[in-house]
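Q: Hi, I've just opened this one and I'm new to it. Could you walk me through it?

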Amino acid sequence: VKLSIRALVSIISVIIVLVAITLFASGVFDFPKVSTVNQAPVTNSQNSGVDLSKMQDIKDLEDKVAANPKDYQLLLQLAHLKNDAGLYEQAITNYKQYLAAYPTNADARVDMGVCYYSIKNYDEAIAVMKDALKYKPDHQIAHMNLGVVYMATGKMDEAKKWFQKAIDLGPDN
């Protein structure tokens, strides 16, 4: 299958827009909270990819979840925060706990799949994102993320299929 230059540029443009939307939605470009407490700056000299500035927020939310173990929205918030902080394995644990109570939440499944992708567990990322599509077959971000995961595994034909499906679901997005 040969793609015209225009089709290729369109696909690349859609991918860039979808990635930008995902980054904005995940809060990557949010301004950090300003603390009124004077504290020494936290530095991460080993550059592990973990955002240490979120550790206090995580601790606070963990305390709230411990005090309210049936508050699954708090648990989901905690999973998202750990995901954003780069604590992917911990986030996966929290997503699993949340999904035990709310198994049909496709968004949480996709987010957990992104965590698996981030730790390079591509097989599990694919499985989890495909599971999300069982609950919400038109989940455009799941299709796009599956394309990204397949691209990371070197399966370009498979990646193209998932990217095309994402485009078909929302060519204007």
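Q: Is the crossing of H6 and H7 left-handed or right-handed?
A: The crossing of H6 and H7 is left-handed. A crossing gets that label if the near helix is turned anticlockwise from the far one by less than a right angle, and right-handed if clockwise. Before we go on, please note that this is a predicted model, where local features need pLDDT of at least 70, side-chain atom pairs count only at pLDDT 80 or more, and totals for chains, interfaces and linings use all residues. Residues are numbered from 1 along each chain as its sequence is written, and side-chain values use heavy atoms, with hydrogens and water left out.

Q: Thanks! How many helices and strands does the protein have?
A: There are eight helices and zero strands. Both are DSSP runs numbered from the N terminus, helices being H or I with at least four residues and strands E with at least two. From the N terminus on, the elements read α-α-α-α-α-α-α-α.

Q: Back to that pair, then. At what angle do H6 and H7 pack?
A: The angle is about 160 degrees, and the axes are 10 Å apart. Axes here are lines fitted to C-alpha atoms, for helices over the stretch in contact, and angles run from 0 to 180 degrees between N-to-C directions. That makes H6 roughly antiparallel to H7. The cut-offs are under 35 degrees for roughly parallel, over 145 for roughly antiparallel, 65 to 115 for roughly perpendicular, and oblique for the rest.

Q: Which residues meet there?
A: From H6 there are Tyr122, Ala125, Ile126, Met129, Lys130 and Leu133, and they meet Ala142, His143, Asn145, Leu146, Val149, Tyr150 and Ala152 in H7. Contact means heavy atoms within 4.5 Å. By class, the contact of H6 with H7 holds 10 nonpolar, two polar and one charged. Ala, Val, Leu, Ile, Met, Phe, Trp, Tyr, Cys and Pro count as nonpolar, Asp, Glu, Lys and Arg as charged, and the others, Gly among them, as polar.

Q: You mentioned His143. Is it buried or exposed?
A: His143 counts as buried, at 3% relative accessibility. Buried means under 20% relative accessible area, exposed over 50%, and partly exposed in between (1.4 Å probe, protein chains only).

Q: What is His143 in contact with, leaving aside neighbours within four places in sequence?
A: With those left out, His143 touches Leu133, Pro137, Trp162, Phe163, Lys165, Ala166 and Leu169.

Q: And how do H5 and H7 pack?
A: H5 (106-118) and H7 (residues 140-152) pack at about 15 degrees, with axes 11 Å apart. That makes H5 roughly parallel to H7. H5 passes H7 in a left-handed crossing. On the H5 side the contact uses Val110, Val114 and Tyr117, and on the H7 side Ile141, Ala142, Asn145, Val148, Val149 and Ala152. Those residues come to eight nonpolar, one polar and no charged.

Q: What about H1 and H7, what is their angle?
A: H1 and H7 pack at about 115 degrees, their axes being 11 Å apart. That makes H1 roughly perpendicular to H7. The contact joins Leu18, Val19 and Thr22 of H1 to Gln140, Ile141 and Met144 of H7.

Q: New topic: which residues touch the most other members in the largest nonpolar core?
A: Those are Tyr95, Met112 and Leu146, in a core of 41 residues. Such a core is a set of buried Ala, Val, Leu, Ile, Met, Phe, Trp, Tyr and Cys residues joined through side-chain atoms within 4.5 Å. H3 gives the most to this core, with seven residues.

Q: How much of the protein counts as buried overall?
A: Of its 173 residues, 32% count as buried.

Q: Last one: how far apart are Tyr72 and Gln97?
A: They are 25 residues apart in sequence and 8.6 Å apart in space, C-alpha to C-alpha. Tyr72 lies in helix H3. Leaving aside neighbours within four places in sequence, Tyr72 is in contact with Gln97, Tyr98, Ala101 and Tyr102.
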